[in-house]
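Here's a quick tour of one protein chain. Have a look at the model, then read on.

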Amino acid sequence: MADFMTPQQRSHAMSRVRGRETKIERLVRSLLHKQGFRFRKNVFNLPGKPDIVLPKYHAAILIHGCFWHGHAECKRGYLPTSRREFWVNKISKTVIRDKENINELMEKGWRVAIVWQCALKNRQSINNTIGILTRWIVCNEDWLEISDAPSTPRTNTASSSIL
Ligand SMILES: [Zn+2]
């Protein structure tokens with residue numbers, strides 16, 4: 001996200017980012033469906049409106065775009081340098097809300113999987129991710145998080161230089 005963008009251009013760019021998120025949600029749904037899983041999508045009466053809910057397995061899957069959900073230590077989670085305060089404020093609210101929703105889901109007895117967008121960046125990572133996800137669905141573990149973020153902590157310097 002560059003500094004020279006007008007607010008209109010920026011908002012257009014952001015809507016395209018959102019469009020990609022919808023696409024990755026659709027992709028995961030269709031791959032799970034092919035594996036024979038049956039589910040409900042965007043369940044409004046559950047905390048955080050999970051993208052995919054498998055009532056049979058008591059599993060809720062949330063697919064998170066790295067930018068909008070503030071994926072820490074992921075290069076797709078870097079915030080724009082322009083209007084930085086605005087973005088930090090906006091994204092940190094989402095991060096807090098996500099945590100609350102996940103806690104609530106788990107309190108209600110749901111098993112929760114977070115799939116970050118960066119775990120779905122090419123055919124190979126998509127295959128790996130779907131494999132991990134389908135094994136998790138049928139197991140008994142309460143929690144799963146799949147991502148491709150490096151383990152090194154991100155710094156302000158690094159996040160400024162990438163933009
Ligand atoms: Zn990420």
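What share of the contacts in the protein with a separation of 6 or more comes from residues 24 or more positions apart? It's 62%, where a contact means two C-beta atoms, placed from the backbone, within 7 Å.

Bear in mind that this is a predicted model: local features need pLDDT of at least 70, side-chain atom pairs count only at pLDDT 80 or more, and totals for chains, interfaces and linings use all residues. Residues are numbered from 1 along each chain as its sequence is written.

The protein runs α-β-β-β-α-β-α-β-α along the sequence, with helices (H or I, at least four residues) and strands (E, at least two) taken as DSSP runs numbered from the N terminus. Five strands make an open, mixed sheet ordered β1-β2-β3-β4-β5, two strands being paired if DSSP finds at least two bridges between them. β1 (40-41) and β5 (143-146) sit at the edges with a single partner strand each, so one side of each has no neighbour in the sheet. Strands β2 (residues 52-54) and β3 (residues 59-64) pair antiparallel over three bridges; Leu-54 has Ala-59 of β3 as its bridge partner.

As for confidence, pLDDT (the predictor's per-residue confidence, from 0 to 100) averages 84 over the protein, and 80% of the residues score at least 70. Here are the lowest and highest elements by mean pLDDT:

| Element | Residues | Mean pLDDT |
|---|---|---|
| helix α4 (lowest) | residues 156-161 | pLDDT 36 |
| strand β4 (highest) | residues 111-116 | pLDDT 97 |

Over residues 151-163, pLDDT stays under 50, and the model has 15 contacts beyond four places in sequence for them.
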